Amino acid sequence: DMNLSEKSLIHMKKWMINFTISSITNKWTKRIRKIDEIVTQILVYKKDLRFIKNINYHCDFILANDRFIKGLNKKFRKVNQPTDVLTFVSKLSMKNKKEDRHCDVVFSIETILNDAKKNNVNFYNHLTHLIIHSFLHINDFLHSNIKDYLIMKKTEVNILKKLGIANPY
(Lines give C-alpha, C1' and ligand atoms only; values in the text may rest on other atoms or scores of the structure.)
Protein backbone atom coordinates (compact mmCIF):
# COMPACT_ATOMS: atom_id res chain seq x y z
CA ASP A 1 0.00 0.00 0.00
CA MET A 2 1.43 3.34 -1.10
CA ASN A 3 1.13 6.49 0.90
CA LEU A 4 -0.05 9.69 -0.80
CA SER A 5 3.39 11.24 -1.32
CA GLU A 6 4.62 8.15 -3.19
CA LYS A 7 1.54 8.27 -5.45
CA SER A 8 2.16 11.96 -6.14
CA LEU A 9 5.77 11.26 -7.01
CA ILE A 10 4.80 8.58 -9.52
CA HIS A 11 2.14 10.83 -11.05
CA MET A 12 4.62 13.70 -11.36
CA LYS A 13 7.12 11.50 -13.22
CA LYS A 14 4.64 11.20 -16.09
CA TRP A 15 4.58 14.98 -16.43
CA MET A 16 8.15 16.08 -17.12
CA ILE A 17 7.96 19.82 -17.65
CA ASN A 18 11.23 21.60 -16.97
CA PHE A 19 11.65 25.30 -17.46
CA THR A 20 14.40 27.85 -17.10
CA ILE A 21 14.20 31.62 -17.12
CA SER A 22 17.07 33.74 -18.35
CA SER A 23 17.36 37.41 -19.10
CA ILE A 24 19.50 39.13 -21.69
CA THR A 25 18.64 42.62 -20.44
CA ASN A 26 18.65 44.06 -16.92
CA LYS A 27 15.14 45.48 -17.50
CA TRP A 28 13.77 42.04 -16.52
CA THR A 29 16.03 41.26 -13.55
CA LYS A 30 13.71 42.38 -10.74
CA ARG A 31 10.80 40.49 -12.35
CA ILE A 32 12.38 37.01 -12.65
CA ARG A 33 11.21 35.63 -9.29
CA LYS A 34 7.62 36.74 -9.99
CA ILE A 35 7.74 35.20 -13.49
CA ASP A 36 8.94 31.92 -11.97
CA GLU A 37 5.89 31.98 -9.66
CA ILE A 38 3.55 32.75 -12.57
CA VAL A 39 4.88 29.87 -14.70
CA THR A 40 4.54 27.50 -11.74
CA GLN A 41 0.92 28.65 -11.16
CA ILE A 42 0.07 28.23 -14.86
CA LEU A 43 1.51 24.69 -14.93
CA VAL A 44 -1.10 23.61 -12.37
CA TYR A 45 -3.40 23.62 -15.42
CA LYS A 46 -1.15 21.40 -17.56
CA LYS A 47 -4.15 19.31 -18.68
CA ASP A 48 -6.03 22.42 -19.87
CA LEU A 49 -2.85 23.49 -21.68
CA ARG A 50 -2.83 20.08 -23.40
CA PHE A 51 0.57 19.04 -22.11
CA ILE A 52 1.03 15.41 -23.05
CA LYS A 53 1.98 12.79 -20.50
CA ASN A 54 5.12 10.84 -21.33
CA ILE A 55 6.70 13.72 -23.26
CA ASN A 56 9.69 15.47 -21.71
CA TYR A 57 9.32 19.22 -22.05
CA HIS A 58 12.28 21.57 -21.72
CA CYS A 59 11.15 25.19 -21.91
CA ASP A 60 13.59 28.08 -21.88
CA PHE A 61 12.00 31.46 -21.25
CA ILE A 62 14.29 34.13 -22.65
CA LEU A 63 13.56 37.61 -21.37
CA ALA A 64 14.75 39.98 -24.06
CA ASN A 65 14.16 43.40 -25.59
CA ASP A 66 12.73 44.82 -28.82
CA ARG A 67 16.10 44.87 -30.60
CA PHE A 68 16.74 41.16 -29.93
CA ILE A 69 13.23 39.93 -30.76
CA LYS A 70 13.08 42.09 -33.91
CA GLY A 71 16.16 40.23 -35.21
CA LEU A 72 14.49 36.85 -34.56
CA ASN A 73 11.20 38.01 -36.07
CA LYS A 74 12.99 39.17 -39.21
CA LYS A 75 15.04 35.97 -39.53
CA PHE A 76 12.31 33.41 -38.83
CA ARG A 77 9.05 35.15 -39.80
CA LYS A 78 10.28 37.71 -42.35
CA VAL A 79 8.67 40.48 -40.26
CA ASN A 80 11.03 43.42 -39.71
CA GLN A 81 9.57 44.67 -36.42
CA PRO A 82 9.52 43.68 -32.77
CA THR A 83 6.74 41.58 -31.28
CA ASP A 84 5.68 40.63 -27.73
CA VAL A 85 6.58 36.91 -27.80
CA LEU A 86 8.00 34.29 -30.15
CA THR A 87 7.73 30.55 -29.49
CA PHE A 88 10.07 28.00 -31.07
CA VAL A 89 9.58 24.24 -30.63
CA SER A 90 11.81 21.33 -31.62
CA LYS A 91 10.35 17.85 -31.32
CA LEU A 92 12.93 15.10 -30.92
CA SER A 93 11.97 11.44 -31.07
CA MET A 94 14.32 8.51 -30.75
CA LYS A 95 13.47 4.83 -31.02
CA ASN A 96 12.08 3.33 -27.80
CA LYS A 97 12.34 6.68 -26.01
CA LYS A 98 9.87 9.33 -24.93
CA GLU A 99 9.54 12.34 -27.20
CA ASP A 100 11.40 15.44 -26.07
CA ARG A 101 10.12 18.92 -26.85
CA HIS A 102 12.67 21.69 -26.55
CA CYS A 103 11.04 25.08 -26.49
CA ASP A 104 12.45 28.59 -26.58
CA VAL A 105 9.99 31.31 -25.67
CA VAL A 106 11.34 34.82 -26.18
CA PHE A 107 9.63 37.89 -24.68
CA SER A 108 10.28 41.58 -25.34
CA ILE A 109 10.04 43.85 -22.31
CA GLU A 110 9.35 47.07 -24.25
CA THR A 111 6.54 45.64 -26.38
CA ILE A 112 4.87 43.93 -23.41
CA LEU A 113 5.08 47.07 -21.25
CA ASN A 114 3.71 49.21 -24.12
CA ASP A 115 0.86 46.79 -24.86
CA ALA A 116 -0.11 46.50 -21.18
CA LYS A 117 -0.17 50.30 -20.88
CA LYS A 118 -2.03 50.81 -24.18
CA ASN A 119 -4.68 48.21 -23.22
CA ASN A 120 -4.82 49.37 -19.60
CA VAL A 121 -4.02 45.92 -18.17
CA ASN A 122 -1.68 44.86 -15.40
CA PHE A 123 1.80 43.96 -16.73
CA TYR A 124 1.91 40.56 -14.97
CA ASN A 125 -1.66 39.67 -16.05
CA HIS A 126 -0.67 40.45 -19.65
CA LEU A 127 2.53 38.43 -19.31
CA THR A 128 0.55 35.52 -17.80
CA HIS A 129 -1.69 35.58 -20.88
CA LEU A 130 1.36 35.52 -23.18
CA ILE A 131 2.92 32.59 -21.29
CA ILE A 132 -0.36 30.62 -21.57
CA HIS A 133 -0.50 31.50 -25.28
CA SER A 134 3.06 30.19 -25.73
CA PHE A 135 2.37 26.97 -23.80
CA LEU A 136 -0.59 26.35 -26.14
CA HIS A 137 1.68 26.82 -29.18
CA ILE A 138 4.16 24.37 -27.62
CA ASN A 139 1.28 21.87 -27.52
CA ASP A 140 0.36 22.36 -31.19
CA PHE A 141 -2.36 25.01 -30.92
CA LEU A 142 -2.47 27.35 -33.89
CA HIS A 143 -4.42 30.47 -34.75
CA SER A 144 -4.00 30.55 -38.53
CA ASN A 145 -7.76 30.30 -39.19
CA ILE A 146 -10.82 31.56 -37.32
CA LYS A 147 -11.85 28.13 -35.96
CA ASP A 148 -8.39 27.46 -34.45
CA TYR A 149 -8.17 31.06 -33.20
CA LEU A 150 -11.50 30.71 -31.35
CA ILE A 151 -10.48 27.37 -29.78
CA MET A 152 -7.15 28.85 -28.62
CA LYS A 153 -8.81 32.03 -27.32
CA LYS A 154 -11.45 30.05 -25.36
CA THR A 155 -8.71 27.91 -23.76
CA GLU A 156 -6.68 31.01 -22.81
CA VAL A 157 -9.70 32.77 -21.28
CA ASN A 158 -10.63 29.61 -19.32
CA ILE A 159 -7.15 29.25 -17.77
CA LEU A 160 -6.87 32.99 -17.05
CA LYS A 161 -10.26 32.80 -15.26
CA LYS A 162 -8.97 29.92 -13.11
CA LEU A 163 -5.98 32.14 -12.22
CA GLY A 164 -8.34 35.01 -11.30
CA ILE A 165 -7.49 37.13 -14.35
CA ALA A 166 -10.22 38.83 -16.39
CA ASN A 167 -10.84 38.06 -20.06
CA PRO A 168 -8.32 40.21 -21.99
CA TYR A 169 -10.29 40.08 -25.26
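Tyr124 is partly exposed, at 22% relative accessibility. Here, buried means under 20% relative accessible area, exposed means over 50%, and partly exposed lies in between, with a 1.4 Å probe and protein chains only. This is a predicted model, in which local features need pLDDT of at least 70 and side-chain atom pairs count only at pLDDT 80 or more, while totals for chains, interfaces and linings use all residues. Residues are numbered from 1 along each chain as its sequence is written, and side-chain values use heavy atoms, with hydrogens and water left out.

Now the ring pairs. Rings of Phe, Tyr and Trp (its six-membered ring) pair if their centres lie within 6.5 Å; planes under 30 degrees apart count as stacked, over 60 as edge-to-face, and the rest as tilted. By this rule there are nine aromatic pairs. One of them is Phe61 with Phe107, stacked, at 6.0 Å centre to centre and 25 degrees between the planes. This pair links distant parts of the chain: Phe61 sits in strand S2 (residues 55–64) and Phe107 in strand S4 (residues 99–108), 46 residues apart. Helices (H or I, at least four residues) and strands (E, at least two) are DSSP runs, numbered from the N terminus. Phe61 is buried, at a relative accessible area of 1%, and Phe107 is buried at 2%.

What about Phe123 and Tyr124: at what angle do their planes lie? The planes are at 80 degrees and the ring centres 5.1 Å apart, so this pair is edge-to-face. Phe123 has a relative accessible area of 11%, so Phe123 is buried.

Both of these rings have a charge over the face. That term requires NZ of Lys or CZ of Arg within 6 Å of the ring centre and within 35 degrees of the ring normal. Arg31 lies over Phe123, at 4.8 Å from the ring centre. Lys34 lies over Tyr124, at 5.6 Å from the ring centre.

Which residues do ring pairs link into a cluster? They are Phe19, Phe51, Tyr57, Phe61, Phe107 and Phe135.

Next, helix H4, residues 109–118. Its buried residues are Ile109, Thr111, Ile112, Asp115 and Ala116. Their cover includes S2, helix H3 (66–77), S4 and helix H5 (123–138). Just after H4, Asn120 has a positive phi of about 55 degrees.

Two single residues follow. Asp60 is in strand S2, and at 31% relative accessibility Asp60 is partly exposed. Contact means heavy atoms within 4.5 Å. Leaving aside neighbours within four places in sequence, Asp60 is in contact with Thr20, Cys103, Asp104 and Val105. Asp60 and Tyr45 are 15 residues apart in sequence, and their C-alpha atoms are 19 Å apart in space.

Leu136 is in helix H5. Is Leu136 buried or exposed? At 0% relative accessibility, Leu136 is buried. Not counting residues up to four places away in sequence, Leu136 touches Asp48, Leu49, Phe141, Met152, Thr155 and Glu156. Leu136 and Met152 are 16 residues apart in sequence and 7.4 Å apart in space, C-alpha to C-alpha.

Last, Tyr149. Tyr149 is in helix H6 (residues 146–162), and at 31% relative accessibility Tyr149 is partly exposed.
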